[in-house]
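Here is a friendly briefing to read alongside the model. Please keep the viewer open as you go through the points.

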Amino acid sequence: PDYEGSDGESYGKPSKRSRMMEKDTDEYLKRRERNNIAVKKSRERSRQKAKETIEQVNRLRAENEMLEQKVEILSKELSVLKDLFLAHAGNVAQSERAIEATESRAPIPDHQYSSSKQKQ
């Protein structure tokens with residue numbers, strides 16, 4: 001409803017003073033009740049959201065801890081495999097050097113005819 005001011009103009013809402021005086025009306029009580037319900041719902045949603053956030057943080061922390069342990073295990077495994085590879089590579093290199101050294105020497109005759117064939 002429109003309200004009329006002291007200068008005769010109408011306004012869409014009552015002044016703050018006139019609204020304060022309407023506290024005993026049914027409309028005011030209904031609005032307060034709806035507002036109280038809305039506030040309760042809003043606060044409950046906030047509490048629920050905070051609870052879900054805390055649960056998610058806890059899940060992520062547990063997952064992070066598990067992943068850190070997995071990284072540690074894999075790092076140790078990598079170190080062991082690297083050591084094995086280097087040891088094997090060192091053995092292969094030594095074997096190849098021994099073979100090269102053996103091949104570079106003059107052949108040793110197996111029997112006495114070998115040396116006579118070479119002279120002819």
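Arg47 and Glu44 both lie in helix H2, 3 residues apart, which is about one turn of the helix. What you have here is a predicted model: local features need pLDDT of at least 70, side-chain atom pairs count only at pLDDT 80 or more, and totals for chains, interfaces and linings use all residues. Residues are numbered from 1 along each chain as its sequence is written, and side-chain values use heavy atoms, with hydrogens and water left out.

**Overall layout**

- The protein chain has 3 helices and 2 strands, where helices (H or I, at least four residues) and strands (E, at least two) are DSSP runs numbered from the N terminus.
- Read from the N terminus, the order of elements is β-β-α-α-α.
- Helix H2 covers residues 26-104, and helix H1 covers residues 16-21.

**Confidence**

- The mean pLDDT of the protein chain is 82, and 69% of the residues score at least 70; pLDDT is the predictor's confidence in each residue, from 0 to 100.
- Among the elements, H2 has the highest mean pLDDT (93), while helix H1 has the lowest (54).

**Salt bridges**

- How many salt bridges does a search of the whole structure find? The search gives 3, a salt bridge being a side-chain nitrogen of Lys or Arg within 4 Å of a carboxyl oxygen of Asp or Glu.
- As a general point, side chains of opposite charge can pair when their charged atoms come close.
- Arg47 and Glu44 form one of these salt bridges, with their closest N and O atoms 3.3 Å apart.
- Glu27 pairs with Arg31, and here the closest N and O atoms are 2.9 Å apart; both residues sit in helix H2, 4 residues apart, or about one turn of the helix.
- Glu72 and Lys76 meet through their side chains at 3.6 Å, N to O, and they too lie in helix H2, 4 residues apart, about one turn of the helix.

**Exposure of the paired residues**

- The classes are buried (under 20% relative accessible area), exposed (over 50%) and partly exposed (in between), with a 1.4 Å probe and protein chains only.
- Arg47 counts as exposed because its relative accessible area is 52%, whereas Glu44 is partly exposed at 40%.
- Arg31 is exposed, since its relative accessibility is 51%.
- Lys76 is exposed at 54%, and Glu72 is partly exposed at 47%.

**Surface**

- Buried residues make up 2% of the 120 residues in the protein chain.
- The protein chain exposes about 11900 Å², 53% of it supplied by carbon and sulfur atoms; accessible areas come from the Shrake-Rupley method with a 1.4 Å probe, and for residues only the protein chains shown count as cover.
- Val80, Leu81 and Leu84 form a nonpolar surface patch with about 290 Å² of accessible area together.
- Patches are made of residues with over 30% relative accessible area and no salt bridge, where like charges are joined within 9 Å and nonpolar side chains (Val, Leu, Ile, Met, Phe, Trp, Tyr) within 5 Å.
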